[in-house]
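This briefing is meant to be read with the sequence and the model side by side. It begins with a single side chain and its partners, and then turns to helix packing and to the protein as a whole.

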Amino acid sequence: LSESSSFLKGVMLGSIFCALITMLGHIRIGHGNRTHHHEHHHLQAPNKEDILKISEAERMELSKSFQVYCIVLVKPKDVSLWAAVKETWTKHCDKAEFFSSENVKVFESINVETNDMWLMMRKAYKYAFDKYRDQYNWFFLARPTTFAVIENLKYFLLKKDPSQPFYLGHAVKSGDLEYVSVDGGIVLSIESMKRLNSLLNVPEKCPEQGGMIWKISEDKQLAVCLKYAGVFAENAEDANGKDVFNTKSVGLFIKEAMTNHPNQVVEGCCSDTAVTFNGLTPNQMHVMMYGVYRLRAFGHMFNDALVFLPPNGSEND
């Protein structure tokens with residue numbers, strides 16, 4: 001009995017030690033590889049005055065040349081959301097492709113043949129980089145519950161250099177690890193895509209499986225890989241410091257603002273140049289599309305300094 005008790009204690013202590021090592025490994029991995037000081041955690045959108053300094057010819061060229069490739073990760077159970085996303089905001093991407101866990105006859109998609117979200121994300125990024133590295137400089141990944149205003153994304157990225165390693169969205173801190181929440185959408189520059197692609201076949205730095213005991217989420221695993229490559233999470237904000245990538249729906253933000261800021265519901269809610277909202281139903285996707293792109297106040301002119309023309313096929317504007 002005494003020997004059995006000692007054995008069980010040893011097993012329990014060993015398991016606890018193993019779990020701690022796994023957790024610390026995820027939290028601190030890549031920490032020692034930081035080769036330069038991380039100078040910009042909070043990134044802000046340009047203001048109108050900055051845009052007006054650009055010549056009209058340059059603004060026209062920017063509006064035509066600025067392109068974003070969109071990745072949407074889906075599963076067969078998401079078919080109604082899949083349809084809504086396909087019919088709404090993805091038409092404003094310069095190219096949008098759906099990556100599915102298995103073949104689905106009703107919608108065109110790229111079958112990555114796995115149900116694991118981290119493996120789906122890895123395969124989608126590798127496919128996008130291998131096929132489109134020479135065509136697109138910005139890559140936006142989202143869930144099927146996310147609604148994105150692509151023109152606002154382009155505006156936010158306008159003065160960002162894609163040859164620099166950008167990894168941005170709604171940044172969250174978990175222990176020593178900062179990551180961009182996939183709920184709000186993830187943006188990678190082409191330089192970050194290059195660095196990530198170089199590590200996908202290096203299991204010591206970017207493993208396919210997240211942990212020995214507890215599996216960490218796909219967005220945290222992406223941050224672990226990028227941290228090894230010297231790429232760090234950036235929180236995207238407007239000129240007033242409000243988040244532009246949101247992990248909740250606009251309806252939920254309004255409810256919270258009515259409770260927390262009853263006299264300033266609009267000001268307390270969301271950014272005027274928000275890029276994403278999450279947690280939407282298919283019907284809410286269409287309502288958002290109506291509010292963002294179709295509803296207009298007659299006689300009111302919007303004097304935007306820059307215009308992003310939607311690609312051919314986005315006839316639902």
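Arg143 is partly exposed, with a relative accessible area of 25%. The model that shows this is a predicted one, and in it the side chain of Arg143 meets Asp183 in a salt bridge and Glu218 in another.

**Salt bridges of Arg143**

- The bridge between Arg143 and Asp183 has an N to O distance of 2.8 Å; Arg143 lies in the loop between S5 and strand S6 (147–148) and Asp183 in the loop between strand S9 (177–180) and S10, so this pair ties together parts that are 40 residues apart in sequence.
- Asp183 is itself partly exposed, at a relative accessible area of 27%.
- For Arg143 and Glu218 the N to O distance is 3.1 Å, and this pair links distant parts of the chain, 75 residues apart, with Glu218 placed in helix H8.
- Glu218 is buried, because its relative accessible area of 8% falls under the 20% cut-off.

**Other salt bridges**

- The structure holds eight salt bridges, one of which joins the side chains of Asp94 and Lys154 at 2.9 Å, N to O.
- That pair spans 60 residues of sequence, from Asp94 in the loop between helix H4 (79–87) and strand S3 (95–100) to Lys154 in helix H6 (residues 150–157).
- Asp94 counts as partly exposed at 21% relative accessibility, whereas Lys154, at 3%, counts as buried.
- Lys126, Asp130 and Arg133 are linked in a network of salt bridges.

- The axes of H5 (residues 117–132) and H7 (residues 190–199) come within 10 Å and cross at roughly 115 degrees, in a left-handed crossing.
- H5 contributes Tyr125, Lys126, Ala128, Phe129 and Asp130 to this contact, and H7 contributes Ile190, Met193, Lys194, Leu196 and Asn197; by type, these residues divide into six nonpolar, one polar and three charged.

**The protein as a whole**

- The protein has 10 helices and 12 strands, and buried residues make up 47% of its 317 residues.
- Of the contacts between residues at least 6 apart in sequence, 78% join residues at least 24 apart.
- The accessible surface comes to about 16,700 Å², of which 54% belongs to carbon and sulfur atoms.

Note on methods:
Residues numbered from 1 in each chain as written. Predicted model: local features only at pLDDT ≥ 70, side-chain atom pairs only at ≥ 80, totals over all residues. Heavy atoms only, no water. Axes fitted to C-alpha atoms, helices over the stretch in contact; angles between N-to-C directions. Helix = DSSP H or I, 4+ residues; strand = E, 2+ residues; numbered from the N terminus. Left-handed = near helix turned anticlockwise from the far one by under 90°. Contact = heavy atoms within 4.5 Å. Nonpolar A, V, L, I, M, F, W, Y, C, P; charged D, E, K, R; others polar. Buried < 20%, exposed > 50% of the residue type's maximum accessible area, 1.4 Å probe, protein only. Areas by Shrake-Rupley, 256 points an atom, 1.4 Å probe, with all protein chains shown as cover. Salt bridge = Lys/Arg side-chain N within 4 Å of Asp/Glu carboxyl O.
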